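Please look through the sequence and the 3D structure below before reading on.

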Amino acid sequence: MRGRPRSRMGRIDAPIGRDRTDPTRMSLDSTTLRDAVTNFELVESFPRHALLRVRLETGRTHQIRVHLAAIDLPVAGDPVYGMPGDLGLERQFLHAARLAFDHPLAETRVEVDSPLPPDLDAALTRARG
């Protein structure tokens, strides 16, 4: 994220819906709001950026990007809500390091981990300065 959070942990409870003027964007200013909750924790702080661990309680379109931009922590590399090209990225700095869910048919817990891809790892190195 571009910027520094005001606290080490936080909860963003702000409904999200389609933007009133641009139907391709989501916004906190909408006539079609739906509940959205995002929790974050500071993992590491850098001179102009922060690495956050984010956990969603809801799954709205663009939720992480909209919520973090709303608290002045836009996602690095995000061309819509954040900082396009930040840290030399051609995409937003978002990565699902871990996914877990209950399998609907097998009734078992599925957990998958994924390492940081090379382009995001390089951007992280640049953020550290």
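Helices are DSSP runs of H or I with at least four residues, strands are runs of E with at least two, and both are numbered from the N terminus. Counted in this way, the chain holds two helices and seven strands, and from the N terminus on these elements follow the order β-β-β-β-β-α-β-β-α. The model is a predicted one, in which local features need pLDDT of at least 70 and side-chain atom pairs count only at pLDDT 80 or more, while totals for chains, interfaces and linings use all residues. Residues are numbered from 1 along each chain as its sequence is written, and side-chain values use heavy atoms, with hydrogens and water left out.

Turning to overall dimensions, the C-alpha atoms fill a box of roughly 45 × 40 × 30 Å, taken along the principal axes. The radius of gyration, taken over C-alpha atoms, can be set against a globule rule of 2.2 Å times the number of residues to the power 0.38; for 129 residues a compact globule would have a value near 14 Å, and the 16 Å of this chain agrees with that.

A residue is called buried under 20% relative accessible area, exposed over 50%, and partly exposed in between, using a 1.4 Å probe and protein chains only. Of the 129 residues, 33% count as buried. D121, which has its place in helix α2 (residues 118-128), is partly exposed because its relative accessible area is 38%. The C-alpha atom of D121 is separated by 9.8 Å from that of F93, although the two residues are 28 residues apart along the chain.
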